[in-house]
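This report walks through a protein model from its overall make-up to a handful of individual residues. Please keep the sequence and the three-dimensional view at hand while reading.

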Amino acid sequence: MERIIHYNIHETEAGLRTEQYLRRKGYSYQNLTQLKKMPESILINGVWSYMRTPLNAGDALTVHIRETDSSPNIPPVQLPLSIVYEDEDILVVNKPAGMPVHPSLNNYRNSLANALMWYYQNQGKPFIFRCTNRLDRDTSGLTVIAKHMVSSSVLSGMGYRHEIEREYLAIVRGSLSPEEGVIDAPIGRTGSSLIERRIDYENGEHAVTHFRKICEKNGHSLVSLILETGRTHQIRVHMQHIGFPLVGDYLYNPDMEHISRQALHSHRLSFSHPITGEAMEFTAPLPSDMLAVLEG
């Protein structure tokens, strides 16, 4: 993957070394190390320059990223792929339920990574799979993939600082009460299980979820959930904790009467573009299997 990024240096940035400027833009130390190994990756006013070169007001700084390798051990497979948005830096995909994000021993050829590897191989482009907000296999909806090392680093930093707002839609049985609130309960592992999680006030990690009932139909409530933190199975464990587990959740509530997977959908993502800073917001409608639960 190849990407050329242009920056104009302002008065307030004059005097910074190139590496200092790029660090402020969200480039990681690893990014800087990798760029040093790429020929003519840093240009100041069109002249190949060093990372320690100081910048002046009015300078035109150009960063030329060249990535020639692809992720190893991810075979390209032609699979359904719903791309919501794509530019030179990011890709937003509406992932279907039942598709893992990454290949694994038992899901080696049916993951989102396989589909994207085929998508880019078909264009003759190398591709390293870098998913920013990972979804469980049976959770549908929006996920963001970085297309190069810098957008990946910036998005990772935004995620760490909770600057990516994620809204999910879920379905629970009955009338949600209270209709809105905040769940602040730490989450930890359950015994020796590598997968299952539970509320653990002694050793768990801080976890906060905001919930709000949107509507009630066919004996079920549709719930909006916004995460402050991103713990494994956070929504599933938190909703079980308040007595309203997600329907169809084989791990925490095997209520499969109306749906055969956890009724959870990544509905909205909101964040600043990792390179341009532009405000971005994407939504994905409720999938048909969750609509069927509400419509009966």
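Helices (H or I, at least four residues) and strands (E, at least two) are taken here as DSSP runs and are numbered from the N terminus. The model is a predicted one, in which local features need pLDDT of at least 70 and side-chain atom pairs count only at pLDDT 80 or more, while totals for chains, interfaces and linings use all residues. Residues are numbered from 1 along each chain as its sequence is written, and side-chain values use heavy atoms, with hydrogens and water left out.

**Overall make-up**

The protein contains six helices and 16 strands, and its C-alpha trace spans about 65 × 40 × 40 Å along the principal axes. Of its 296 residues, 50% count as buried, where buried means under 20% relative accessible area, exposed means over 50%, and partly exposed lies in between (1.4 Å probe, protein chains only). Taking a contact as heavy atoms within 4.5 Å, residues 24 or more positions apart supply 65% of the contacts that have a separation of 6 or more.

Just after α5, Gly-243 takes a positive phi of about 90°. The loop between α5 (234-241) and β15 (264-272) also holds Asn-253, which counts as buried because its relative accessibility is 18%. A polar atom of the Asn-253 side chain lies 3.0 Å from the backbone oxygen of Leu-246. When neighbours within four places in sequence are left aside, Asn-253 is in contact with Pro-245, Leu-246, Val-247 and Gly-248.

**Aromatic rings**

Rings of Phe, Tyr and Trp (its six-membered ring) are paired if their centres lie within 6.5 Å, and planes under 30 degrees apart count as stacked, over 60 as edge-to-face and the rest as tilted. The structure holds seven aromatic pairs. One of them joins Tyr-120 and Phe-127, which are stacked at 4.5 Å centre to centre with 20° between the planes. Tyr-120 is buried because its relative accessibility is 0%, and Phe-127 is buried because its value is 1%. Tyr-119, Tyr-120, Phe-127 and Phe-129 form one aromatic cluster.

A charge is said to sit over a ring if NZ of Lys or CZ of Arg is within 6 Å of the ring centre and within 35 degrees of the ring normal. Two such placements are listed below.

| Charged residue | Ring | Distance from ring centre |
|---|---|---|
| Arg-23 | Tyr-29 | 3.8 Å |
| Arg-52 | Tyr-50 | 5.0 Å |

The peptide bond from Ser-177 to Pro-178 is cis, with omega near 0°, and Pro-178 lies in the loop between β9 and β10 (180-184). Glu-40, in the loop between α2 (29-36) and β2 (42-44), has a positive phi of about 50° although it is not a glycine. Glu-40 is partly exposed, with a relative accessible area of 41%. Asn-73, in the loop between β4 (60-66) and β5 (83-86), is likewise a residue other than glycine with a positive phi, near 65°, and counts as exposed at 61% relative accessibility.

Which residues does Trp-48 touch, not counting residues up to four places away in sequence? They are Pro-39, Glu-40, Ser-41, Ile-42 and Leu-43. Trp-48 itself lies in strand β3 (residues 47-48) and counts as exposed because its relative accessibility is 53%. From C-alpha to C-alpha, Trp-48 and Ser-221 are 59 Å apart in space, and they are 173 residues apart in sequence.

Methods: A polar contact is a pair of N or O atoms within 3.5 Å; within protein, one must be able to donate a hydrogen and the other to accept it, and residues adjacent in sequence count only if both atoms are side-chain atoms.
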